[in-house]
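Open the model in your viewer and keep the selection tool at hand. The tour below goes stop by stop.

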Amino acid sequence: MEPTDPARNVTERDPLLSSQRNPKNDAGTNHGPLDISQSTRHGILAGVWLGSLLSSLNQTLVPTMLVPISSEFQKSNQASWLGTAYLLATCTFTPLYGRLCDAMGRRAANHTALLFACSGVLLCGLSNSMEALILARFLCGIGGGGLNTTAQIVVSDMYSLRNRGLAQGVASLFSALGMGLGGPLGGLVSDWIGWRWAFLIQMPLFLLSFLLTTWHLDYVTPGKGKSARDIIKSIDYIGSAMLLIAVGATLVFLSVRYNEGLPWSNPIVPTCFALAIIFSILFLIVELFVASQPVLPPVLLREKVPVLVGMSNFLVSMCNFSVIYFFPLWFQTVMLTSASVAGLHLLPNSISSCLGSFFAGWLIHYTGRYKVINVVFGVFPFIGATLISQITEDSGSIQSWISIIPLGFGNAVVLQTMLIALLAHLSESQIAVGTGFSQLFRGIGQVGGVAISSALFQSKLDTELHARIHTPDAEELIQRIRQSARLVFDLPPDIQRAVRDAYAASLKLVFILAACSTLLAFIVRLPVSLSQIRCV
């Protein structure tokens, strides 16, 4: 029998045994993920976690800058697309990175994500129109989801399942930190030197992430030796296109019907609605019966735990992004604060999310269990969302600053424990694809959170403004208010009072939606079975 190269037969969990070492090997080359040096491991983690932080930061960077951006371009009713374009790209392309990690190696997949994310962020800072900015956000989202997915896969490579809980907890600290800092950073930079610089100042950090992963992320995985042709053939182009069109048509339908107020008699509305349904069905058909390596693996859809985890991720992300995108707007339009002050109200969410992620990882690491943690702390987001929905102008600083803490802490614990629950029920060969599967549902939930809550908000706001404003130029004034939220600051006192009340009523409905979403997520998670995680 012809001798084989041990490096080619090793799995991603088996350490490579070698009697010879050299400086190049110590840097990670020709070693498996469990056989690399401590310094190499730290370098890899620093690189991928920095990318994950930047991805999460760009998810929440825009909400506190919606007012200055939409006012500059005079297109406030299109402002929600700055969030949904990013999230649309994230949910569509994120599942592909699981396949790409297996086909082209971890480093190449991570660098592909970095290239798209960095290019998109740079173009955001240079955009001269709302349409160009939306397209740049879409490009950024193509890479943003990949940065999170490749980071999770790399951590799964380098740690056993028991230790993975703590490692993923630390990883979640970076994601939570990015999501929490996005709002405050966007508001502060926008107020100080302009919103464009909130994008441009990220360039050195993208470069640092690239350099760290270039030098350190070079351990051996089975799929790394595949040719470019095999890599290209392994991508589920048809399924990805079906998903993109289905989600995109849904977003356009919600936008034109509720954000812009077009009636059903307008052909655009029923056309988009029909396309959303048709391509959703086609996507499922392609994934179940056509694609050889689908982005939505049918084998996972047949198992209870992956499906329940996916549903929970969808609802939790929907709750998270409904609050993150509209909580700062409440302070800007109801309390008339600056963008920086509004963004700072997301800081408690950042801190509590970081603590929740690390707490869940630490507890899983030392107990080997996740079910009880999930049940106990899974009710926290509902409490937080309910408290947020009850905030009024007279609530005081304590409620306005503290209400979001249970939501951030609880959702961080839930996402962490659900990831471990999923990985505990998958075989080692399914880790990369399973991680992409989990991220797909999170991405769709993020898109849904922004799009559905935006449609609900705009519809309610239009109704409330028409009910409260009765001046001769009411129709024109209402249109201007919906196009530029900053106009609220300059209105006469009596009309301003009516507009602030309209915004308060509309935003409360969004927060109630978030509370219902997280409550449903808690119910969905209850049947997830308990698996004792081994110590090794």
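Start with residue classes: Ala, Val, Leu, Ile, Met, Phe, Trp, Tyr, Cys and Pro count as nonpolar, Asp, Glu, Lys and Arg as charged, and the others, Gly among them, as polar. This is a predicted model, where local features need pLDDT of at least 70, side-chain atom pairs count only at pLDDT 80 or more, and totals for chains, interfaces and linings use all residues. Numbering runs from 1 along each chain as its sequence is written, and side-chain values use heavy atoms, with hydrogens and water left out.

**Whole chain.** Show the cartoon. The chain has 24 helices and zero strands. These are DSSP runs numbered from the N terminus (helices H or I, at least four residues; strands E, at least two). Of the 536 residues, 59% count as buried, meaning under 20% relative accessible area with a 1.4 Å probe, protein chains only.

**Helix 3.** Select residues 38-60. Helix 3 has 23 residues and reaches 33 Å from first C-alpha to last. That is close to the expected 33 Å, taken as 1.5 Å times one less than the number of residues. Of its 23 residues, 19 are buried.

**Largest pocket.** A pocket is an open set of points on a 1 Å grid over the protein atoms alone, with protein on both sides within 12 Å along at least five of seven lines; a cavity is a set where a 1.4 Å probe fits but cannot get out; lining residues have an atom within 4 Å of a point. Points are joined across faces, edges and corners, and a volume is the space filled by probe spheres set on them. Select Leu 243, Val 247, Ser 280, Phe 314 and Ile 444, which lie nearest the centre of the largest pocket among its 17 lining residues. Its volume is about 380 Å³. Helix 22 (431-468) gives the largest share of the lining, seven residues. By class, the lining has 14 nonpolar, three polar and no charged residues.

**Largest cavity.** The structure holds five cavities of 30 Å³ or more. The largest has about 480 Å³ of space. Select Ser 175, Ala 176, Met 179, Leu 415 and Arg 442, the closest to its centre of 34 lining residues. Which helix gives the largest share of this lining? Helix 8 does, with seven residues. The lining has nine nonpolar, 24 polar and one charged residues. Now colour domain 1 (35-218 + 226-234) and domain 3 (299-535): both give residues to the lining, so the largest cavity lies between them. Domain bounds come from an automatic or database assignment.

Note on methods: Buried means under 20% relative accessible area, exposed over 50%, partly exposed in between (1.4 Å probe, protein chains only).
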